[in-house]
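Visitor: Hi, I'm new to this one and would like a short tour of its aromatic rings and its core. Could you put it up on the screen?

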Amino acid sequence: DPVAVYGPWGCGACRTCRQGMENYCERQAEIPAFGGGLGLDGGMAEYMLVPDARFLVPIPGALDPVAASRIDPHNVRLIVRALEQNADRPTVYIDGQVLTGAQVRDEMSRFVQAYNASGIGLGTPVSMLALNRPEVLYCIGANGVAGVRGTPLHPLGSVDDHVYVLEDAEIEALIFDPIFAERAAALKERVPSLRLLSLGPCEAADADLIEIASGFEPQPLVP
């Protein structure tokens with residue numbers, strides 16, 4: 001079966017390892033090597049031997065191994081755990097807003113469900129063109145939870161630059177801030193297969209992702 005190898009190899013017995021945080025293993029100094037490529041050669045090899053099956057992450061058969069290599073479940077689990085542990089605390093200060101861990105978690109959940117309703121899921125190549133705003137954070141989190149392959153576009157890039165990225169990364173959907181509506185429309189002309197999802201009302205968009213997300217109730221985040 002196709003699998004990916006989880007990077008840090010902890011002892012598996014200490015407090016942090018038992019909580020699934022082997023990258024924070026309390027017995028690192030006692031371990032001969034901390035993982036393939038982390039003290040052991042072979043981190044870039046096609047195959048390697050691992051000391052325990054818990055370091056293997058199954059790759060769904062429908063997902064291309066190359067696409068799977070760009071998805072990091074470890075970071076997603078850390079984010080979800082941090083939001084849960086700080087549910088009542090301020091965790092994000094952005095655009096004049098203060099958001100608690102619970103608020104960020106719930107919005108991420110709504111966006112994951114909006115992705116699913118829009119046909120965006122595991123391995124889907126998606127790009128984003130937006131300035132800093134809370135919804136960008138929700139999308140980044142949703143990318144990780146849903147296993148989406150995200151590729152951002154730089155707001156200062158030219159049309160040719162953006163088209164090159166979209167075509168090279170085989171992007172299927174572009175999530176964009178309505179202030180970039182003109183650019184999104186121009187990209188759609190150059191890449192006709194591109195679906196346009198806006199972060200707010202926009203005539204150039206195929207759908208408003210925020211509006212779709214607002215129709216869902218928060219569900220537990222499961223990477």
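Visitor: Are Trp9 and Phe55 buried or exposed?

Guide: Both Trp9 and Phe55 are buried, where buried means under 20% relative accessible area, exposed over 50% and partly exposed in between, with a 1.4 Å probe and protein chains only. Please note that this is a predicted model, in which local features need pLDDT of at least 70, side-chain atom pairs count only at pLDDT 80 or more, and totals for chains, interfaces and linings use all residues. Residues are numbered from 1 along each chain as its sequence is written, and side-chain values use heavy atoms, with hydrogens and water left out.

Visitor: OK, and how many aromatic pairs are there in the whole structure?

Guide: A search finds two, counting rings of Phe, Tyr and Trp (its six-membered ring) with centres within 6.5 Å; planes under 30 degrees apart are stacked, over 60 edge-to-face and the rest tilted. The Trp9 and Phe55 rings have centres 5.6 Å apart and planes at 25 degrees, so this pair is stacked.

Visitor: What about Phe111 and Tyr138?

Guide: Phe111 and Tyr138 form a tilted pair, with 5.7 Å centre to centre and 55 degrees between the planes. Phe111 is buried, with a relative accessible area of 2%, and Tyr138 is buried too, at 6%.

Visitor: Switching topic, what does Cys139 touch?

Guide: Leaving aside neighbours within four places in sequence, Cys139 is in contact (heavy atoms within 4.5 Å) with Phe111, Tyr115, Met128, Ile175, Leu199 and Leu209.
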